[in-house]
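Please examine the sequence and the structure shown here before reading the report.

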Amino acid sequence: MATGPRCHGSGTRSGYFAVVDPATGEPFDEAPDRQAAELDDVVDRAHTAWRGWRADPAARTTALLAAADAVEAAGSDLATLLTREQGKPLTESHAEVARTAARLRHFAEPGIETQPITDDRPVRGELRWRPLGPVAAIVPWNFPLQLASAKFAPALAAGNTVVLKPSPYTPLTTRLLGSVVSAALPEDVLTVVTGREPLGARLAAHPGIRHVTFTGSVPTGRSVARQAAASLARVTLELGGNDAALLLEDVDVEKIADRLFWAAFRNCGQVCMAVKRVYAPARIHSRVVEALAHRAETAVVGPGLDPASQLGPLNNAPQLARVESYTARALAGGARAAAGGHRLDRPGYFFAPTILADVPADSPVVTEEQFGPVLPVLPYESLDEAVEAANGTRFGLGGSVWGTDLDRAEAVAERLECGTAWINHHAELSLAQPFAGVKDSGVGVAGGPWGLYGNLRPFVVHRPQEGS
Ligand code: NAD
């Protein structure tokens, strides 16, 4: 869905901002630049709509199932627009749309149960769950649809209304998703607001918002927590990651190399729980580097709309600059690029898939979140040293252990300080599981019933037992 006349060059209309195609680096459309002052009206309307929406769980189920059908019916338009403004290959966009519809279905019949509270007294206590009110959902640009639905599906299923603010890098697909889903819901139950900062900051601080659910970087997450403190709204933060993949001595390198590579490079490495560091036993380190470098060199990089492309561009110019700078600092510190190491000499935000060896352990590409197609592979001598290094950052989102002896691998996975650990794969999530980072990677729990109850508050009623 175009949101206004196409803009050419710098010809963006007043009140709109340009949206850039990362495969060309050129603006191709524009989105409304909503002002913070407009939020009062938006939140008021969300509050009014909440009265009806909270009252009828059966109507909510019907509406959310209809919304899932509508997302699937609009799948082709959504996926094409997503690739255009986000950059990912079209197959990945289709998978994201499918996941968005699946999430709406998953939460459509939430089964929120009244629970008895029993004790010795002659009263009957009952716990009934209540929605919170208007929820602010603020999301990043790497999975605009999937992450938005991870916020609004459980929030709406719980009986809240939602004001959704996408990243200014991916406003168009979210607007289209908003109009598709909203057509199945009563008016103002889901509202998408697009705009540049301070729109997100003001939404997080708005006194009419009862839950701020945020996905994005650690620094912005801290700022959101401070803003939401003004109204003491509930806060859920899903933040950055720097996941380690720890390879054991008995790993079958050739067998796992494809899976490990794509766990790091899917969506051009712009995945919160991508593999961002690999630790390999020193004895097999060079084989691991070689196997990954071969895949990096043979991966097809190109515009996401080209069916041959396996890796698209990075989403935006600052992200490309960050990846370039982390890589340059690693190379200046003595690292060797076994593959890639540079941006591609073509328009758009393309960076060659890069495998780095001999990287200093204190290089930012190891200690920070590169969020791009660059993977350092570090050797280790002892397992204890590797576990300590894997746990040695401020992040704690996910981690994985790779080896042939599954019991041994699982015992090592137990030692990882993170929210989700995998054996012989990485970053595959079930809709039913809790999703929560530790340390700087997050506050609160999303996913499954935990995500649902994160959008509800307990309300307890006591009444005397009959006859007492
Ligand atoms: P970001 O923190 O820059 O922006 C996230 C969102 O916050 C955007 O909508 C942005 O416009 C908005 N925002 C910016 N400043 C704000 C402010 N002061 N107050 C309120 N909102 C503000 O993150 P990004 O660059 O868009 O996304 C990449 C980051 O997101 C990475 O760190 C990645 O790991 C993280 N991420 C985490 C998860 C997870 O589930 N843990 C999932 C995806 C991405």
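The report takes up the ligand site, then the backbone, then the cysteines.

## Basis of the model

This is a predicted model, in which local features need pLDDT of at least 70 and side-chain atom pairs count only at pLDDT 80 or more, while totals for chains, interfaces and linings use all residues. Residues are numbered from 1 along each chain as its sequence is written, and side-chain values use heavy atoms, with hydrogens and water left out.

## The ligand site

There are 30 residues around the ligand, of which V139, S217, T220, L239 and E369 come nearest; a residue is near a molecule if one of its heavy atoms lies within 4 Å of it. Oxygen atoms of the ligand lie 2.5 Å from a polar side-chain atom of E369, 3.0 Å from a polar side-chain atom of K165, and 3.5 Å from a polar backbone atom of S167. On its own the ligand has 840 Å² of accessible area, and the protein covers 87% of this (Shrake-Rupley method with a 1.4 Å probe).

Two or more residues of the shell around the ligand come from each of α7 (199-204), β8 (211-215) and α8 (218-229), and α8 supplies the largest share, four residues. Helices (H or I, at least four residues) and strands (E, at least two) are DSSP runs, numbered from the N terminus.

## Backbone features

Most residues other than glycine have a negative phi, and most peptide bonds are trans. Against that background, E197 and P198 are joined by a cis peptide bond with omega of about 15 degrees, and P198 has its place in the loop between β7 (190-192) and α7.

Two residues other than glycine have a positive phi: D358, at about 55 degrees, and F371, near 55 degrees. Buried means under 20% relative accessible area, exposed over 50%, and partly exposed in between (1.4 Å probe, protein chains only).

## Cysteines

With a disulfide taken as a pair of cysteine sulfur atoms within 2.5 Å, the count comes to zero. For C268, the closest cysteine sulfur is that of C272, 15 Å away and therefore too far for a bond; for C418, the closest is again in C272, at 13 Å, which is too far as well. Both residues count as buried, C268 at 4% relative accessibility and C418 at 18%.

Definitions and conventions
Polar contact = N/O pair within 3.5 Å; in protein donor to acceptor, adjacent residues only side chain to side chain.
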